[in-house]
4 protein chains.
Amino acid sequence: MHNILASVPAADAASGSYEALRTVRERTVALCRPLSAEDCVVQSAPETSPAKWHLAHTTWFFENFVLAPFVGDYRSFHPQFGYLFNSYYETVGSFHPRRDRGLLTRPSLEEIRAYRIHVDDRLADLLAAAPAEVSREISQRVTLGIHHEQQHQELILTDIKHLLASNPLRPAYRSAIEAGRDKAPAIVWLSFPSGLYEVGHAGESFAFDNEAPRHRRYLENFRIASRPVCNAEYVAFIDDGGYGNPALWLSDGWQTVKSQAWQAPLYWERRDGEWWQMTLAGMRPVDPAEPVCHVSYYEADAYARWAGKRLPSEFEWEVAASLYEQDGNFLDSGRLHPAPCGVEPRFFGDVWEWTQSPYVAYPGYRPSAGALGEYNGKFMVNQMVLRGGSCATPKSHVRPTYRNFFYPHDRWQFKGFRLADN
Amino acid sequence: MHNILASVPAADAASGSYEALRTVRERTVALCRPLSAEDCVVQSAPETSPAKWHLAHTTWFFENFVLAPFVGDYRSFHPQFGYLFNSYYETVGSFHPRRDRGLLTRPSLEEIRAYRIHVDDRLADLLAAAPAEVSREISQRVTLGIHHEQQHQELILTDIKHLLASNPLRPAYRSAIEAGRDKAPAIVWLSFPSGLYEVGHAGESFAFDNEAPRHRRYLENFRIASRPVCNAEYVAFIDDGGYGNPALWLSDGWQTVKSQAWQAPLYWERRDGEWWQMTLAGMRPVDPAEPVCHVSYYEADAYARWAGKRLPSEFEWEVAASLYEQDGNFLDSGRLHPAPCGVEPRFFGDVWEWTQSPYVAYPGYRPSAGALGEYNGKFMVNQMVLRGGSCATPKSHVRPTYRNFFYPHDRWQFKGFRLADN
Amino acid sequence: MHNILASVPAADAASGSYEALRTVRERTVALCRPLSAEDCVVQSAPETSPAKWHLAHTTWFFENFVLAPFVGDYRSFHPQFGYLFNSYYETVGSFHPRRDRGLLTRPSLEEIRAYRIHVDDRLADLLAAAPAEVSREISQRVTLGIHHEQQHQELILTDIKHLLASNPLRPAYRSAIEAGRDKAPAIVWLSFPSGLYEVGHAGESFAFDNEAPRHRRYLENFRIASRPVCNAEYVAFIDDGGYGNPALWLSDGWQTVKSQAWQAPLYWERRDGEWWQMTLAGMRPVDPAEPVCHVSYYEADAYARWAGKRLPSEFEWEVAASLYEQDGNFLDSGRLHPAPCGVEPRFFGDVWEWTQSPYVAYPGYRPSAGALGEYNGKFMVNQMVLRGGSCATPKSHVRPTYRNFFYPHDRWQFKGFRLADN
Amino acid sequence: MHNILASVPAADAASGSYEALRTVRERTVALCRPLSAEDCVVQSAPETSPAKWHLAHTTWFFENFVLAPFVGDYRSFHPQFGYLFNSYYETVGSFHPRRDRGLLTRPSLEEIRAYRIHVDDRLADLLAAAPAEVSREISQRVTLGIHHEQQHQELILTDIKHLLASNPLRPAYRSAIEAGRDKAPAIVWLSFPSGLYEVGHAGESFAFDNEAPRHRRYLENFRIASRPVCNAEYVAFIDDGGYGNPALWLSDGWQTVKSQAWQAPLYWERRDGEWWQMTLAGMRPVDPAEPVCHVSYYEADAYARWAGKRLPSEFEWEVAASLYEQDGNFLDSGRLHPAPCGVEPRFFGDVWEWTQSPYVAYPGYRPSAGALGEYNGKFMVNQMVLRGGSCATPKSHVRPTYRNFFYPHDRWQFKGFRLADN
């Protein structure tokens, strides 16, 4: 599996070239190869989507935003696919309700594969022959489509993990991953002085609209941990009664803990006094040195309070992370699970890291024009920013300025956190 | 398709013979042949089940109630199938929640087919060699299993219809069925004098425990219609504002009409001023002469009030139906849709008929011993009795004394009704 | 309190006389005397109503069904009271949603008292001077209004009990009632042979439309208990794990037990290993000899199965009860709580008794004409019949043929049950 | 009414003196004077509380946080009031569920008044005789209690408005307020250059912990409106189809608009083509010159997008507001409704103003120690900051640094907004 998952380099991913496009499109299909048609059709929660739907939606994205506007008299592959596979673009037209995506046993997986090939072929034709006056716009949209598809590659993995974990048989997507028994190295605290810092994206390289504009932030002096909180540390929080002590929790978090009866991260189970967890390789014991994963913002925040620390802001995180290489355990490694923490400071891969920053617009933010303006801007309320990418993120997809965002109660992505203080 | 759906004769169905068993088991598989693995795994509502689950559950029924008790050191095909495919037998053990049956992408459809073959083979061995002292008990349980499986054959069809109707593409299970344009012949009113009647099942032939004991009922004189209410008649009720007039409805029915925004039977859609309906052959216009189908008890009752009539009691229905041949449009015909009403009185097939009788125990009712006692008895509250069988019922499955039962708001079975008065 | 609660005799209650009317109207006011205005305005559950609402609704009933049609150019006391205090008569017009009855802090309790006096005065005028040609119709409607108001007298008590029990202070409506420690006398089994029996109401005396017509029922021979199941017996069921054994329960009942976490009758609490219960006199220990009270149909049915018996049908109950005096512990005694069972067979008072009979129409049932036809008929689905009246029922209100009805999960009325078998 | 509502000066409010305390405590009682006991007991929504509960809870606050710790062997007024009237202090002990506050018909309003007098008397004793070593701590807690009670004065008004608006009679709390017909003066745009600004509270004067510490923010240059958006402007948004155009809304906002069927601000009704609104003085036409009121964050944000502007951040708001007098239409005026906008820039009173800032901790924020640390800190997620105070806020209660916070969908407070841009 490793070869096919090897990522296109970031520069290529942003080139809008046919080569980059083809590599990414093929990888999406490769990710579904361990799955049966049955696995690809079922939706296990309202917030997840079937793999088949991801395969179709990413194709619709190119059809709707590239082929339809730039190929003269383009005819849709199927007249109702626009309705079925539009995710949430209200300005494009009405769409199938999100919670009902799992009802679509037709079109079949085979038909969706044919749909992909059809659209890929038309894209190849278009890119080979696009007139000069639109080729830059086409290239930009293809680049956006590539990054969009990379996001759905991660979702295919997190959604299929949710589905397999919902099955009492706890089936595996990939071969076993051994769980170590060692502790993680101690956290090193990285210090930064107060001052005006620049954050956000600038320049010609690809970034989503929500990363811009680059702008100044005044930060107080802060310290940030060299690595995320690991499982052994989190187990200490559990053992200390963390899930039963309201003084540690935000009010909304405490309501959630009680109403959902949370006692541990998502996918953890107690077996004979030991914690086990569901992974894409099936059930196995929790590895003490791996970053804790599948926690909500509420749990991250409660742990930090218990530890006498806090979560970093997204700006602190970005300032610190910018000093380090973007190395780490990404989708490309094929592990598809966080790896044990090492000695060297690391900010990328393994787990998306909750920050204490609500997801809002940067000063001067302007959403893209037209329907693509719905891509990021309309979600700027009620969600929190996560940074750094995970073991399910393509390496070429992330950047130090990259802003991911989820509701504070969401847990099904590969989410962890690191600590900060002043 | 017709040949494989040809029914085993009722006498054979109740023989507990291997021949009868094999015929029924093969038909279940045949019913799923037009379906893809994707079609077989999805659950479109909490009250429906995936076809794959039906295939597995009917197999578990034989494994649990025949093989396990009667085959020395029988080893389950899979240690967790008892948990996954037990429907509701609390005394057998805990079971997978009903609403989550659609999450089981594993075991695959192929594995379930292997499970069926495995159990069928063991059953063949057992039936060929059962010691005399248990063969009668085995034969009775096999007979029960056959009738149980016939019930699930109907559910496979009604559940798949619900799934396909939930798909905006409205795909078809079978080839097209033409819709006629003619009216149904007028209703003939069949009269019965008041008196003591005997109803219920007696004798050695197979019946469910809820049909017994045979007992006396005093009935006032009554008249009962020779055929169910047909679509043209029901459209007149709609056109007269039936769905907007609370005076016609039971209070609970009116709450349901308002909260569910019902305007017509399930699966009906208005297109350019004409009523269309989803069938197992896809969308087509409503045929005026066919019995109205997919209505709730509330709708049947409201129509009857509008028409100045009432629904028959289950005893009136049984007394009348016993005088007629058990002919009609059953699963065996392969039509899988109600057929236009004819001139001759007919009580069987086409649509299950709502009666005004709540589903309760007959005087002296005794549920079967052990877990099989949960088969019928524990549902004797909140449901209404339906009689006669439908176009999705195997012909050999029904009898004049047969009592089907559903909640008054349920509509996804093939349900209609006929009128009565005094 | 006793004097004012002394009932009008049944014959008078049905006389439609001004004397009878005045007695009943005054008693309703008297029942609210121990309550503050605050107590009278709050609604503690969607199925209960504030006492003030009962005071107003019973008045509206007379205004709408007697004054409006029979007093020339009658002008409503308040133009919006028809909207506010119509309970559910769809054919009269739209009405305030049931769940919002507790939002009506205005009109004040004082205004409602003035409304009552206004309507009572107009009724006195009307009854004194009604022309002969309508006096019979008026008298019938006044009689209906009297019985309607008696029903609401019971509801005032059960609804206020629910409210006071919802208060952590567990305040009392009346002075303390001692709890005895003795057992109840043993049950005597009363036997009846099989045969055709007549049941239902006939004749000129007052009855609700749902008690008619009198008709024949064929009953198998049966035995029925001389008294309801008492607390000591019910505690044995609890102690034997009755609430944890699914084999004893109807399927819908078992779902309810689990989802509502029922462990005992409503209003029971475990304190230091002993069962206490909320009464209209506040909290006190459970008296072993009193009939068990505030149980659902599901609990009654489960107990009966545990005891190897069954519940009687409403017809068996009526046949047996007709042989006994209508004596018992009614509202009129002022105890407002079931009294310990005695030696003599008794069928009336203390607790309404669940029967195994769903609430449906008798053969030939005709609802009253017009809006009053909504009084009983539209509730004939999903509910079960209870018989006999309770400690909160006016004695003159019940009859052997009287049919009360509630949903099988309802518990807030004074409901118990007795056993039967064959 | 005006005299009694005249506010204690801000300096006094923060003095912790008995005079200040008494003034505030008396005003709370005065606010309830137009209400009946019935009005004071009912809870019209899970997020509102009965006036009686506010009267009791503010008293419990002093009893629990001042009397209990500082009066030797203090005995609670009632052993269960701690349970009943603790709002949400988990570290103090368990408490009555918020949604059930309206069930407490007992203790009566009279008893709560006695409770207030009892606690006030003990406070007077304590303040007169507190030993020097604790008098500062006592004084600080009394000051906090005063500000806490001022918050509940506002809630009494907003909650009673919600209750009266839920009543089809639309009763009034105070005498009529005329609605003008004139337009508001044009908005003036106030400009500020980019730079490092200081925001937040510092110094000895009273402020809540969430206003501190004072710290630096780098702001881009911005413009801010001299007044809130007024009704005439908002009606133009409605008339332009604002509530039907998803492109204007945040995604969560659009879901809310659809699921709640919002078409206008809370309390607005269309009558004969004109907009009317519920006020504390009853129903009256919408005044074009008044600030729009009772809108959610979603509506404020959608309006701003429609107008081509944005909402200010809480820091922009504070920087601008600090330049102006804290004059305006507060609770003290007795109008209890926003007043028409004038020509002069004004930042205080009339309506709380939504900002685009999520409610989070300032850098270096430290919650107070002990249970009082739950006052503000545990709500720092999912809510948005509002600034400036409203027509229901005591004048001495607010400051330029004051941060109010509510969920983005909340509308029942007096909430409006002003625009900003760059």
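**Exercise 1. The contact between chain A and chain B**

Task: In this predicted model, determine how many residues of chain A are in contact with chain B, and how much area is buried between the two chains.

Solution: 
- Step 1. Take contact to be heavy atoms within 4.5 Å. On that cut-off, 31 residues of chain A touch 31 residues of chain B.
- Step 2. For the area, note that interface size is often expressed as the accessible area lost when the parts come together. Between chain A and chain B about 2,400 Å² is buried.

**Exercise 2. Polar and charged pairs, and the elements behind them**

Task: Count the salt bridges between chain A and chain B, count the residue pairs in polar contact, and state which elements of chain A contribute to the side that touches chain B.

Solution: 
- Step 1. A salt bridge requires a side-chain nitrogen of Lys or Arg within 4 Å of a carboxyl oxygen of Asp or Glu. Four salt bridges are counted between chain A and chain B.
- Step 2. Check one salt bridge by its distance: D39(A) pairs with R106(B) through their side chains, with N to O at 2.7 Å.
- Step 3. Residue pairs in polar contact between chain A and chain B, with both residues at pLDDT 80 or more, come to twelve.
- Step 4. Assign the side of chain A that touches chain B to elements. Those giving two or more residues are α4 (37-41), α6 (81-85) and α8 (132-165) of chain A. The most come from α4(A), with four residues.
- Step 5. Sort the residues of this side by class: 17 are nonpolar, ten polar and four charged.

**Exercise 3. The symmetry relating the copies**

Task: Find what rotation and shift superpose chain A on chain B, and which residue of chain A comes closest to the rotation axis.

Solution: 
- Step 1. Two copies of a chain are related by a rotation about an axis and a shift along it.
- Step 2. Chain A superposes on chain B by a rotation of 180° with 0.0 Å of shift along the axis, at an RMSD of 0.0 Å.
- Step 3. Of the residues of chain A, the one closest to this axis is E38(A), whose C-alpha lies at 2.5 Å.
- Step 4. Compare the surfaces used: 100% of the contact residues of chain A recur in chain B, and the same surface serves both copies.

**Exercise 4. The other chain pairs**

Task: State how chain D is laid on chain A, and how far apart the closest C-alpha atoms of chain A and chain C lie.

Solution: 
- Step 1. Chain A and chain C are not joined by any contact; their closest C-alpha atoms lie 14 Å apart.
- Step 2. Chain B and chain D likewise have no contact, with their closest C-alpha atoms 14 Å apart.

Technical notes:
Residues are numbered from 1 along each chain as its sequence is written. Chains are lettered from A and ligands numbered from 1 in the order in which they are written. This is a predicted model: local features need pLDDT of at least 70, side-chain atom pairs count only at pLDDT 80 or more; totals for chains, interfaces and linings use all residues. Side-chain values use heavy atoms; hydrogens and water are left out. Copies are superposed by least squares on the C-alpha atoms of residues with pLDDT of at least 70 in both. Buried area is the accessible area (1.4 Å probe) that two parts lose on being put together, summed over both. A polar contact is a pair of N or O atoms within 3.5 Å; within protein, one must be able to donate a hydrogen and the other to accept it, and residues adjacent in sequence count only if both atoms are side-chain atoms. Ala, Val, Leu, Ile, Met, Phe, Trp, Tyr, Cys and Pro count as nonpolar, Asp, Glu, Lys and Arg as charged, and the others, Gly among them, as polar.
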